Amino acid sequence: MEIMKLIPTGKDYLWGGTRLREEYGKKIDLTPLAETWECSVHPDGPSYVANGIYKGQTLAEVLNAHSEYLGTKVENGELPVLVKFIDAKKDLSVQVHPDDVYAREHEGDNGKTEMWYVIDADEGASLIYGFQHEVTEEILRKAVDTGTLDKHLQKIQVHKGDTYFVPAGTVHGIGKGILLAEIQESSNVTYRVYDYNRVDKNGKKRELHFDKAVQVMEMKVTSNVNKKSRMVKYYPGCSRELLCRCKYFETERIQVTKGFAFSVMDSSFQVLMCLNGYGEVQTMDAEQKPMRFSKGETMFLPARLGRCLVVGDAELIKVRC
């Protein structure tokens, strides 16, 4: 059992930029490079193992052969999360994701509840989170047809370090100038409500999914915007901040200045995503070499790995179920 450093799959969606390649070391020949699916077993964007005995295999192949690496909390033998970097040089579409029940019945996929941690944001950058007032299907259809949907949407100015929890059914859109880490259910189901009449590289408008979207979206006023909780605990050599805890995942932000000790128990795998800095992860296994990491790299830590120590100077996102 060993720590697996992961190689992501990239996505060249038309709203993406170049920061993931230029600042985060992603050697992916796509322009734009909108997303990197850092820890993923989804067939639409698998991640690969970069080291050790599983080098070259997809993470899905490894976990299919070793479901015990997921931990006892994962009952169906499938990795429940998908971890991404997202670079929005332009606005994303106005969109919504279905819940598990609807997605499994209509799409053969999981639903998509997600959270965002804002790594960086241009001055004045904003995102869409729900509606300013209650709407109906008729109101929304007319607004989409006339290009006036903006007046119904709630826009929130964002800053570096903000966290947003986005339950399935919440209409949303990441705005231009935002770089973030996204932790979500393992799913690739998105219903576009409005896409600003843009065209893709082939000159075609991207498909909208209005009829499905209105079946799954919350149309009431969205007043409960879940931002950073500021639950920070300080320890010698590090700090820990709980960003989000829901039925699908638990996410912490770890700031390491010297060392951070933690345990990977038999209940759950863990994922470490380096947002800034560098360091190494040591285990109690004398035969296992420390796993070095740097900005932009992501690691999968199998359940039952035991006591671990991160040494270095780094900002990390830590995910478990």
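**Rings, charges and a helix face**

Me: How far from the ring centre of Tyr 24 does Lys 295 lie?
Reply: This is a predicted model, in which local features need pLDDT of at least 70, side-chain atom pairs count only at pLDDT 80 or more, and totals for chains, interfaces and linings use all residues. Residues are numbered from 1 along each chain as its sequence is written, and side-chain values use heavy atoms, leaving out hydrogens and water. Lys 295 lies over the face of Tyr 24 (NZ of Lys or CZ of Arg within 6 Å of the ring centre and within 35 degrees of the ring normal). Its distance from the ring centre is 4.6 Å.

Me: Which lysine lies over the face of Trp 37?
Reply: Here the distance from the ring centre is 4.8 Å. The residue over the face of Trp 37 is Lys 11.

Me: Which residue forms a tilted aromatic pair with Tyr 24?
Reply: The structure holds 7 aromatic pairs (rings of Phe, Tyr and Trp, the last by its six-membered ring, with centres within 6.5 Å; planes under 30 degrees apart are stacked, over 60 edge-to-face, the rest tilted). In one of them, the centres are 5.4 Å apart with 45° between the planes. Tyr 24 sits in the loop between helix 1 (19-22) and strand 3 (35-39), and its partner, 61 residues away, in strand 5 (residues 81-88) (DSSP runs numbered from the N terminus: helices H or I, at least four residues; strands E, at least two). That partner is Phe 85.

Me: Why does Phe 85 count as buried?
Reply: Buried means under 20% relative accessible area, exposed over 50% and partly exposed in between, with a 1.4 Å probe and protein chains only. Tyr 24 counts as buried at 5%. Phe 85 counts as buried because its relative accessibility is 0%.

Me: What kind of pair do Tyr 194 and Tyr 196 form?
Reply: Tyr 194 is buried at 11%, while Tyr 196 is partly exposed at 26%. Their ring centres are 5.3 Å apart and the planes meet at 65°, so the pair is edge-to-face.

Me: Within what arc do the buried residues of helix 4 fall?
Reply: Leu 140, Ala 143 and Val 144 are buried in helix 4 (residues 137-146). Seen down the axis, they line one face, because the directions from the axis to their C-beta atoms fall within an arc of 100°.

Me: Which exposed residues does the other face of helix 4 carry?
Reply: The buried residues pack against strand 8 (126-131), strand 13 (191-194) and helix 5 (210-216), with contact meaning heavy atoms within 4.5 Å. The face turned away from that buried side carries Glu 138, Lys 142 and Asp 145.
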